[in-house]
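User: Hello! I am new to reading protein structures. Could we walk through one together?

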Amino acid sequence: MRLYHGSIYIVKQPAINGSNRLFDYGSGFYTTTSYEQAVMWVKSRMNDNHVSTGYINTYEFDYEAAKRMKMLSFAEPTDEWLDFVQNNRTQADYHHDYDIVYGPVANDRVYTQFALYESGVISKDILIEELKTYKLIDQYLFHTESSLTALKFIEAKKVTL
């Protein structure tokens, strides 16, 4: 399976991102099966970094190797997915021990609904039902150094603004 990572750099050797920024599934290396989503991610990074060139890095994902690792998978938004994303995004000291996490992207459009939930305007059940009506893009988080062995760099395509 092909996975894509949008970056302002060519990333032949993926690394675990130890950033202070709070991501959906925690720190690590994020990819997606959606080329279009990777393009959106890289264009956002290009704007944030005031650069005109970025790259869509393509990897072959060795799912057989990944089966030997500790994985967490969410096919769609659920109570557990919502709790997991909120813990990662709101608790700086929250950590999990999964090598790879797969599931929907909680993008900016989704977070409008999250804000309604967090402020008590809608319930958890209503939020999850609402999210199930969205066409959500997927993401894979490679959370540990050993998980990165399941990725093989294929190529990088240039993206310009």
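Predicted model: local features only at pLDDT ≥ 70, side-chain atom pairs only at ≥ 80, totals over all residues.

User: Which residue just after α1 takes a positive phi?

Analyst: Residues are numbered from 1 along each chain as its sequence is written, and side-chain values use heavy atoms, with hydrogens and water left out. Helices (DSSP runs of H or I, at least four residues) and strands (runs of E, at least two) are numbered from the N terminus. The loop between α1 and β3 holds the residue you want, and its phi is about 55° although it is not a glycine: it is H50.

User: Is H50 buried or exposed?

Analyst: We decide by relative accessible area: buried means under 20%, exposed over 50%, and partly exposed in between, using a 1.4 Å probe and protein chains only. H50 has a relative accessibility of 73%, so it counts as exposed.

User: How far apart are the end C-alpha atoms of α1?

Analyst: Helix α1 covers residues 35-49, which makes 15 residues. The expected span is 1.5 Å times one less than the number of residues, so α1 should span 21 Å. The model agrees, with the end C-alpha atoms apart by 21 Å.

User: Which strands do the buried residues of α1 pack against?

Analyst: The buried residues of α1 are Q37, A38, V39, W41, V42 and M46. Contact here means heavy atoms within 4.5 Å. The strands they pack against are β1 (2-7), β2 (29-31), β3 (53-61), β6 (138-142) and β7 (151-160).

User: Which residues are in contact with G54, leaving aside its neighbours within four places in sequence?

Analyst: G54 sits in strand β3, and with a relative accessible area of 0% it is buried. The contacts of G54 are S7, I8, V42, M46, K157, K158 and V159.

User: Is K157 buried, partly exposed or exposed?

Analyst: K157 belongs to strand β7, and its contacts beyond four places in sequence are Y35, G54, Y55 and I56. Its relative accessibility is 39%, so K157 counts as partly exposed.

User: Why do the buried residues of α5 line one face of the helix?

Analyst: Helix α5 runs over residues 124-132, and L127, I128 and L131 are buried there. Look down the axis of α5 and take the directions from the axis to the C-beta atoms, which define the arc. The buried residues line one face because they fall within an arc of 95°.

User: Are α3 and α5 roughly parallel or roughly perpendicular to each other?

Analyst: The axes are lines fitted to C-alpha atoms over the stretch in contact, with angles from 0 to 180 degrees between N-to-C directions. The axes of α3 (residues 79-90) and α5 come within 10 Å and cross at roughly 100°. Angles under 35 degrees count as roughly parallel, over 145 as roughly antiparallel, 65 to 115 as roughly perpendicular and the rest as oblique. The two helices are therefore roughly perpendicular.

User: Which residues of α5 make the contact with α3?

Analyst: On the α3 side, the contact is made by D79, W81, L82 and D83. The α5 residues are K124, D125, L127, I128 and L131.
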